[in-house]
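Subject: Structure handover

Hello,

Here is the structure I promised to pass on. Please open it alongside this note.

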Amino acid sequence: MDLFSLRGRTALVLGGSGVLGQGFCRGFADAGANVAVAGRNMERAQAAADAIAAAGGCARAYRADAGSLDDLHALRDAVASDFGPVDVLLNAVGGNRPDATALNVEAFFDLPAEALESVVSLNLMGGAILPAQVFGKAMAASANGGSIIHIVSASSYLPLSRVVGYSAAKAAVLNFTRWLAVEMAKSGANVRVNAIAPGFFLTEQNRFLLTDEATGNLTARGRTILDHTPMGRFGTPDDLMGAAVFLASNASQFVTGAVIPVDGGFTAFSGV
């Protein structure tokens, strides 16, 4: 089991204050890593770090906007000062907006450009490219290398109705993950780049699509999703921990450019 150990390593989780991000932080802490919990909401990041510390792990909270290069450079230096260089970068930054969601094709024609640009930038630039530039550069220059893990989506493979900007951006993150994995490996850098593709998890960003706010019952869309998920339920943050620890640890030392679906069989099911 030492293959899966992260003892002595520093793991940074961008978006670590979110529902799924906190699950990744707990998984890394349980595997022995020093965990840097970073997010735009410092109060929530601190609460996540405190929960890890209360359970016997080692974590510190940091405020950072993954879409800001200034913030990312400051974060890199702060984490290095506290724990040492980042060995594992997991980027859980992402989300959607109701005004970037089209109920039908007629609605698509009038979606605000600002809303679409915001969602694409959040998921692609902040959720992958900018952090990979900052932390990937440091990893590539280190003999110890590192592991970069992006979070894509079931919609990276199968575009979802209504979800315009999010699906396009997550498909781009999957493509970028594979591109960067190849470039890192061919350059001789000891840096692996992989992704996890969660299926459907109830989060703040998608709850309005999947549940009725007034009753708490599933919407028609939520029921359709569960009908297309062979395991018949939404995922929980704990379901993602194993894949993340695998990709962060020596257990995956010959794995790069891979995307691991954690979706209860959603992308494997044709519907028949």
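Below is what turned up, starting with the sheet and ending with the charged pairs.

One caution before the details: this is a predicted model.

**The sheet**

Start with the strands. Seen in order, β3-β2-β1-β4-β5-β6-β7 make up an open sheet of 7 strands, and the pairing is parallel. The edges are held by β3 (58-63) and β7 (259-262). Each has a single partner strand, so one side of each lacks a neighbour in the sheet. From one strand to the next, the twist averages 20°.

Look at one pair in particular. β1 covers residues 10-14 and β2 covers residues 34-39. They run parallel, with 5 bridges between them. Leu14 has Ala38 of β2 as its bridge partner.

**Helices on the sheet**

Helix α1 (residues 19-30) lies across β1, β2, β4 (88-91), β5 (146-151) and β6 (191-198). Its direction is at about 175° to β1. Helix α3 (residues 69-82) lies across β1, β2 and β3. The angle between α3 and β3 is about 155°.

**The cores**

The largest nonpolar core has 35 residues. Within it, Leu12, Leu14, Leu75 and Phe135 touch the most other members. Which elements give two or more residues to this core? They are β1, β2, α3, α5 (113-140), α6 (164-187) and β6. The largest share comes from α5, with 7 residues.

Beyond its neighbours within four places in sequence, Phe135 contacts Leu12, Leu72, Leu75, Arg76, Val86 and Leu89. There is also a second, separate core. That one has 31 residues, including Ala11, Phe28, Leu240 and Ala248.

- Ser17 sits in the loop between β1 and α1. Is Ser17 buried or exposed? Its relative accessibility is 8%, so Ser17 counts as buried, the cut-off being under 20%. Leaving out residues up to four places away in sequence, Ser17 touches Gln22, Val37, Ala38, Gly39, Asn41, Arg44 and Ala45.
- Ala47 belongs to helix α2 (residues 42-54). Ala47 is partly exposed, at a relative accessible area of 44%. Between Ala47 and Val37 there are 9.7 Å in space, C-alpha to C-alpha, and the two are 10 residues apart in sequence.
- Arg162 is in the loop between β5 and α6. Although Arg162 is not a glycine, its phi is positive, at about 80°. Arg162 is partly exposed, with 34% relative accessible area.

**Salt bridges**

How many salt bridges does a search of the whole structure find? The answer is 8.

One of them joins the side chains of Asp2 and Arg7, at 3.5 Å from N to O. Asp2 is exposed, at 59% relative accessibility. Arg7 is exposed too, with a relative accessible area of 59%.

Then go to Arg97. Arg97, Asp99 and Glu114 are linked in a network of salt bridges. Between Asp99 and Arg97, the closest N and O atoms are 2.7 Å apart. Between Glu114 and Arg97, the N to O value is 3.0 Å. Glu114 lies in helix α5, while Arg97 is in the loop between β4 and α4 (105-109), so this pair ties together parts that are 17 residues apart in sequence.

How accessible are these three? Arg97 is partly exposed at 23% relative accessibility. Asp99 is partly exposed at 32%. Glu114 is partly exposed at 48%.

Best wishes

Note on methods
Residues numbered from 1 in each chain as written. Predicted model: local features only at pLDDT ≥ 70, side-chain atom pairs only at ≥ 80, totals over all residues. Heavy atoms only, no water. Pairing = 2+ DSSP bridges. Helix = DSSP H or I, 4+ residues; strand = E, 2+ residues; numbered from the N terminus. Axes fitted to C-alpha atoms, helices over the stretch in contact; angles between N-to-C directions. Contact = heavy atoms within 4.5 Å. Core = buried A, V, L, I, M, F, W, Y, C linked by side-chain atoms within 4.5 Å. Buried < 20%, exposed > 50% of the residue type's maximum accessible area, 1.4 Å probe, protein only. Salt bridge = Lys/Arg side-chain N within 4 Å of Asp/Glu carboxyl O.
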